[in-house]
Amino acid sequence: MLALASLSGESDAEWARAGAAHADLAFLGGVAVDDASREAARQLVARGREEFLPEDPIAFVDRQLTALDDAPIRAGVNVRSATLDPIRAVAARCAAHDAVIEINAHCRQDELCAVGCGERLLRDTDRLADYVAAASETGATVSVKVRAEVAGVDLPATARRLDDAGADIVHVDAMDSEPRVADVAAVTDAAVLANNGVRDRATAWEYLAYGADGVSVGRPSDDPAVLQRVARAVDDWTRRDTGERGAFG
Ligand SMILES: Cc1cc2nc3c(=O)[nH]c(=O)nc-3n(C[C@H](O)[C@H](O)[C@H](O)COP(=O)(O)O)c2cc1C
């Protein structure tokens, strides 16, 4: 599986369609969906970052997913929230569109962490597990985006906890610690999507050899040459894995 990873302010339905020739899944957003995370996003914009800040974030998600209902790529939505209710609301919209809700336990900007979302959720696994369980109860496919290299966070233990709470996908930004993907894949039944620096066959295969079920591309997700290269690498890996005759058969 090849996914496109969220780039705030950029990853909308148009971006997803542009990558549909090569990718299977596109995570729109991140979208800040409650008052506290929206205030944090406003502060990020004030210091020059791109953010989605629609008037009504839930309606925005619904419009974006509707725009992709007939697209040849599955949609996901990466959400930031300091509170549970908007997670449930977005998950219900995702379930209705057969889209994936991705809970953002990844963004590390101070403004987001200060209000208790993004990477901060990795230190509050009870609340993160509650988000996952509530989202899962709506019938939506649930992904959680996590990050390696967060001091004091035991990522495999977190992944197990998320698995128990009902997560279907653990999306791991490995940072510069690629082998952490193997540690997570070893302990979870959820699909593992590996991220960071995936640009070509070598970088994709490294993660797949660690046991990832798929990889995602963030910064060059608008570069068809990179996406084509990575998509071919993933296809070749799958054929090789299943013993089918392909380029490496
Ligand atoms: C400008 C920018 C905005 C991003 N916004 C988000 C976001 O909103 N949510 C999220 O989970 N990750 C976000 N990310 C992280 C990317 O999805 C990805 O994890 C990271 O860039 C590493 O993957 P890459 O090496 O393929 O770019 C952002 C990254 C960048 C550079």
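Which strand does G30 lie in? It's β2, residues 25-32 (strands here are DSSP E runs of at least two residues, helices H or I runs of at least four, numbered from the N terminus).

1. Ground rules. This is a predicted model, where local features need pLDDT of at least 70, side-chain atom pairs count only at pLDDT 80 or more, and totals for chains, interfaces and linings use all residues. Numbering runs from 1 along each chain as its sequence is written, and side-chain values use heavy atoms, with hydrogens and water left out.

2. Backbone at G30. Have a look at the peptide bond from G29 to G30: it is cis, with omega near 0 degrees.

3. Positive phi values. M175 isn't a glycine, yet its phi is positive at about 55 degrees. You'll find M175 in the loop between β6 (169-173) and α8 (180-187). N196, also not a glycine, has a positive phi near 115 degrees and lies in the loop between β7 (191-195) and α9 (201-209).

4. Ligand surroundings. The ligand has 20 residues around it, the closest being S6, N195, R199, G218 and R219 (a residue is near if one of its heavy atoms lies within 4 Å).

5. Polar contacts (pairs of N or O atoms within 3.5 Å). A ligand nitrogen lies 3.0 Å from a backbone N or O atom of S8. On the oxygen side, a polar side-chain atom of N78 is 2.9 Å from a ligand oxygen, and a side-chain N or O atom of R80 is 3.1 Å from a ligand oxygen.

Key
Polar contact = N/O pair within 3.5 Å; in protein donor to acceptor, adjacent residues only side chain to side chain.
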